[in-house]
Amino acid sequence: MQSVTMGEGDRSRRLAIWAGVAVVAITTLQFVAARFSLREHLTAADIVTLRFSGAALAFLPVFLSVGLPKLMQLGWRKATVLALLTGLPYPLIINQGLSLAPVAHAAALSPAVIVFFSFLFSRLVFKDKASGTRLAGVATVIAGLLLFVLQSGVADAGTLRGDLLFAVSGLMFATFAVLVRLWSVDAVTATIAVVFFSCLPLPLLHILAPSGLAAASFTEIATQFVIQGFLAGALASVLYTYVIRQLGPQPASLFMPCVPVTTTAAGVVVLGEVPTLLQVVAIAVIRFGMVFPILKRA
């Protein structure tokens with residue numbers, strides 16, 4: 001009986017590891033696919049529209065079964081705030097940044113800023129204590145961020161603007177995470193609030209914002225609908241929740257520092273965006289700063 005239980009535990013662990021790998025792959029694919037279409041036909045507004053339309057379709061059965069009661073329990077004001085932070089404005093800012101800066105910048109800067117502000121907000125709001133290892137990790141992340149900003153400033157003003165947009169997106173996500181913890185919002189409720197409240201202004205966005213949908217092929221549109229909506233908007237959040245539940249939050253967080261590396265490599269192969277030596281060093285520094293505190297606690 002004990003061997004059967006251990007076998008089931010090993011199987012669940014293996015599935016969780018593969019789920020974590022899938023999250024990294026989806027996140028990488030999301031960044032690279034968005035950058036590719038932004039250089040071709042689609043605009044940032046187009047990709048956001050496809051993202052939330054696909055995610056809403058994927059989550060529609062959940063919304064019809066438990067969504068409305070959960071939203072009413074959360075409250076419309078709190079739901080609106082969460083949607084403003086990681087709903088429609090969030091990918092719009094990231095995609096606008098991707099139209100200005102290489103994909104490797106988004107994959108490195110946004111998670112690094114999330115790490116920094118999550119640490120800062122936890123100290124200010126929840127009075128969380130920080131070990132010396134944690135402080136060293138955050139300081140290393142900041143050093144990597146400064147290297148990236150230095151390189152962007154030397155390169156061109158457009159890239160620097162893109163990097164600033166990635167930093168803003170990281171600040172928004174960190175604020176979202178703090179509010180979710182402060183308000184004790186479960187993952188399903190938060191996801192439903194973000195997805196469905198973001199769908200409300202989509203028709204207005206489509207009317208007011210520039211669009212390249214008419215010039216894009218059906219294949220390009222359908223591909224982005226699946227990648228941004230079904231995979232990144234819906235499946236990735238479900239898989240990452242599963243990883244956290246099976247492995248715990250600390251081991252689960254080890255997957256995310258892989259994103260800058262995989263995205264940079266994919267950017268070289270798919271987009272022909274070869275990073276400079278300073279950018280490679282910055283990515284390595286940021287990744288080390290994100291992983292080091294977790295490894296020390298393991």
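Is Val-285 buried, partly exposed or exposed? In this predicted model, Val-285 is partly exposed, because its relative accessible area is 22%, and a residue counts as buried only under 20%. Val-285 is placed in helix α13. When neighbours within four places in sequence are set aside, the contacts of Val-285 are Thr-140, Ala-143, Gly-144 and Leu-147. A further pairing across the sequence is that of Val-285 with Gly-137: the two are separated by 148 residues along the chain, while their C-alpha atoms lie 9.7 Å apart in space.

Salt bridges were examined next. The search of the whole structure returned three of them. In one, the side chains of Arg-35 and Glu-273 meet, with a distance of 2.6 Å from N to O. This pair links distant parts of the chain, since Arg-35 belongs to helix α1 (residues 2-38) and Glu-273 to the loop between α12 (258-271) and α13 (277-297), 238 residues apart. Both partners are buried: the relative accessible area is 10% for Arg-35 and 13% for Glu-273.

Glu-273 also takes part in a salt bridge with Arg-39, in which the closest N and O atoms are 3.4 Å apart. Here too distant parts of the chain are linked, with Arg-39 in the loop between α1 and α2 (44-74) and Glu-273 in the loop between α12 and α13, 234 residues apart. Arg-39 has a relative accessible area of 42% and is therefore partly exposed.

The remaining salt bridge is formed by Lys-70 and Asp-186, whose closest N and O atoms are separated by 3.8 Å. Lys-70 is located in helix α2 and Asp-186 in the loop between α7 (157-183) and α8 (187-199), so this pair ties together parts of the chain that are 116 residues apart in sequence. Lys-70 is partly exposed, at a relative accessible area of 25%, and Asp-186 is likewise partly exposed, at 34%. Through shared partners, salt bridges join Arg-35, Arg-39 and Glu-273 into one network.

Arg-51 is buried but has no salt bridge, and the nearest side chain of opposite charge, that of Asp-46, is 14 Å away. A salt bridge requires the nitrogen and the carboxyl oxygen to be within 4 Å. Apart from neighbours within four places in sequence, the contacts of Arg-51 are with Gln-30, Pro-91, Gln-228, Gly-229, Ala-232 and Gly-233.

Buried residues in α12 include Val-259, Pro-260, Thr-263 and Thr-264. Ala-266, Gly-267 and Leu-271 of this helix are buried as well. Just after α12, Gly-272 adopts a positive phi of about 70°.

A positive phi also occurs at Ser-184, with a value of about 55°, although this residue is not a glycine. Most residues other than glycine have a negative phi. Ser-184 is situated in the loop between α7 and α8. Its relative accessibility is 65%, so Ser-184 counts as exposed.

The packing of two helices was also examined. Helix α3 (residues 76-86) packs against α8 at an angle of about 80°, and the two axes are 8 Å apart. This angle makes α3 roughly perpendicular to α8, because angles of 65 to 115 degrees are counted in that class. On the side of α3, the contact is made by Trp-76, Ala-79, Thr-80, Leu-82, Ala-83 and Thr-86. On the side of α8, Ala-193, Val-194, Phe-197 and Ser-198 take part.

Among these residues, Thr-86 was considered individually. Thr-86 lies in helix α3, and its relative accessibility of 11% means that Thr-86 counts as buried. Not counting residues up to four places away in sequence, Thr-86 touches Phe-52, Pro-91, Phe-173, Phe-176 and Val-194. Val-194 is one of the α8 residues that make the contact with α3. Pro-91 is in contact with Arg-51 and is also touched by Thr-86.

Key. Residues numbered from 1 in each chain as written. Heavy atoms only, no water. Helix = DSSP H or I, 4+ residues; strand = E, 2+ residues; numbered from the N terminus. Buried < 20%, exposed > 50% of the residue type's maximum accessible area, 1.4 Å probe, protein only. Lys, Arg positive; Asp, Glu negative; His and termini not counted. Contact = heavy atoms within 4.5 Å. Axes fitted to C-alpha atoms, helices over the stretch in contact; angles between N-to-C directions. Parallel < 35°, antiparallel > 145°, perpendicular 65-115°, else oblique.
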